[in-house]
Amino acid sequence: MSRAWDKKFRITLWGVNGEIIALSRPHRHRSGVFLPEVPEGLQGFGKRHMWDTASGVWRGMSTDTNQVQLDLIAKGRDVRGSVDRLLTALGDGSHRVGLCVTSAEWGYRWIHMRLGDVSKIQWSQSPGGAHFAKFSVTLEYAGDTSRRFKETLTLGPKGPFGEIQLRVDGDQPVWPKFTVRGSHGGVKLRLTTQDSWQSVPSRPSGWVIDSHPARRHVTDLNGVPDFSQVVPFWPEPVPVKNGVATVWVEVTRPGADFSLTVEYRPELSRTW
């Protein structure tokens, strides 16, 4: 069951047409389409990695919960127009929408979804003449976790190198991307102590090493693939423990212009 709306949260829909629709705004008199209660399915759900057992290739993640129902109310001077704008923003399910939850305590978190179903709309009029409507929208998860803004950590020629700790504002493992610029005598990277090292030599065009299985590649800074280097199999993402993920970086003779940037996106198994 849904529960009474907690006033510290805001929910916003990002439509397929670029329209932004506020579904919850605390302490504000509402008109248009809005959520009177917390929707089910956003409080958290389990997920698991899927692997091709024959090749060992990562095939993505699946969740125990695959949809959320938004029980909506529309009221105001133009109820039909408000409902029409929402349905237009949701699209036909062929493109993703974004559902963003914001709070003063946790900041922004969002998840990608697709339209699953829309219930029959109940059009009504109060004794005072006000028009309103009630209906439900079912959204299916197009992503597997709630997301945060991308984080970056940049190491200069003085490091530190070796065991590098990344602060992660999330509870899910991360797949970092490494960008190497400048001169050096060689760079070695790995995600965990069980992984093989990824080694790259120095070159003017630099290196980009993306560890995510869906984008696993080694390119130059312009995105041109490089097939001269061995790309080791990294089967598991970097685990997060107590808000920290640890990767390993070794650099030989870094020059004054050397930099290594680690990019990662914190993800959560819950929206709040």
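Colleague: Which residues does threonine 12 touch, not counting residues up to four places away in sequence?
Modeller: This is a predicted model, and the contacts are computed from its atoms. Threonine 12 lies in strand E1. Leaving out residues up to four places away in sequence, threonine 12 touches Ile20, Ile21, Leu23, Arg25, Gly98, Leu99 and Cys100.

Colleague: Does threonine 12 count as buried or exposed?
Modeller: A residue is buried when its relative accessible area is under 20%. Threonine 12 has a relative accessibility of 7%. It therefore counts as buried.

Colleague: How many strands are there in the protein?
Modeller: The protein has 272 residues, of which 46% count as buried. Among contacts between residues at least 6 apart in sequence, 68% join residues at least 24 apart. Besides one helix, the number of strands is 22.

Colleague: Which residues have the most contacts inside the largest nonpolar core?
Modeller: In soluble globular proteins, nonpolar side chains tend to be buried together. The largest nonpolar core here has 28 residues. The elements that give two or more residues to this core include strand E1 (9-14), strand E6 (67-75), helix H1 (79-90) and strand E10 (131-141). Those with the most contacts inside the core are Leu13, Leu23, Leu72, Leu86, Met113, Phe135 and Leu139.

Colleague: Which residues does leucine 72 touch, not counting residues up to four places away in sequence?
Modeller: Leucine 72 is one of the residues with the most contacts inside the largest nonpolar core. Residues up to four places away in sequence are again left out of its list. The residues that leucine 72 touches are Leu23, Val33, Phe34, Leu35, Leu86, Ala133, Lys134, Phe135 and Val137.

Colleague: Which residue in E21 does phenylalanine 178 stand opposite?
Modeller: Strand E14 covers residues 177-181, and E14 and E21 pair in the antiparallel sense over five bridges. The residue in E21 that stands opposite phenylalanine 178 is valine 262.

Colleague: Is the pair of phenylalanine 161 and phenylalanine 258 stacked or edge-to-face?
Modeller: A search of the whole structure finds one aromatic pair. The ring centres of phenylalanine 161 and phenylalanine 258 are 6.2 Å apart and their planes stand at 75°. Planes over 60 degrees apart count as edge-to-face. The pair is therefore edge-to-face.

Colleague: How many residues apart in sequence are the parts that this pair ties together?
Modeller: Phenylalanine 161 lies in the loop between strand E12 (151-155) and strand E13 (162-167). Phenylalanine 258 lies in the loop between strand E20 (244-252) and strand E21 (259-264). The pair therefore ties together parts whose separation in sequence, in residues, is 97.

Colleague: What is the phi of asparagine 242?
Modeller: Asparagine 242 is in the loop between strand E19 (240-241) and E20, and is exposed, with a relative accessible area of 77%. Its phi is positive although the residue is not a glycine, with a value of about 55°.

Colleague: The charged end of which residue sits over the ring of tryptophan 234?
Modeller: The charged end of lysine 188 sits over the ring of tryptophan 197, 4.7 Å from its centre. At tryptophan 234, a charged end sits over the ring at 4.1 Å from its centre, and it belongs to arginine 216.

Terms used
Residues are numbered from 1 along each chain as its sequence is written. This is a predicted model: local features need pLDDT of at least 70, side-chain atom pairs count only at pLDDT 80 or more; totals for chains, interfaces and linings use all residues. Side-chain values use heavy atoms; hydrogens and water are left out. Rings of Phe, Tyr and Trp (its six-membered ring) pair if their centres lie within 6.5 Å; planes under 30 degrees apart count as stacked, over 60 as edge-to-face and the rest as tilted. Helices (H or I, at least four residues) and strands (E, at least two) are DSSP runs, numbered from the N terminus. A charge sits over a ring if NZ of Lys or CZ of Arg is within 6 Å of the ring centre and within 35 degrees of the ring normal. A nonpolar core is a set of buried Ala, Val, Leu, Ile, Met, Phe, Trp, Tyr and Cys residues joined through side-chain atoms within 4.5 Å. Buried means under 20% relative accessible area, exposed over 50%, partly exposed in between (1.4 Å probe, protein chains only). Contact means heavy atoms within 4.5 Å. Two strands pair if DSSP finds at least two bridges between them.
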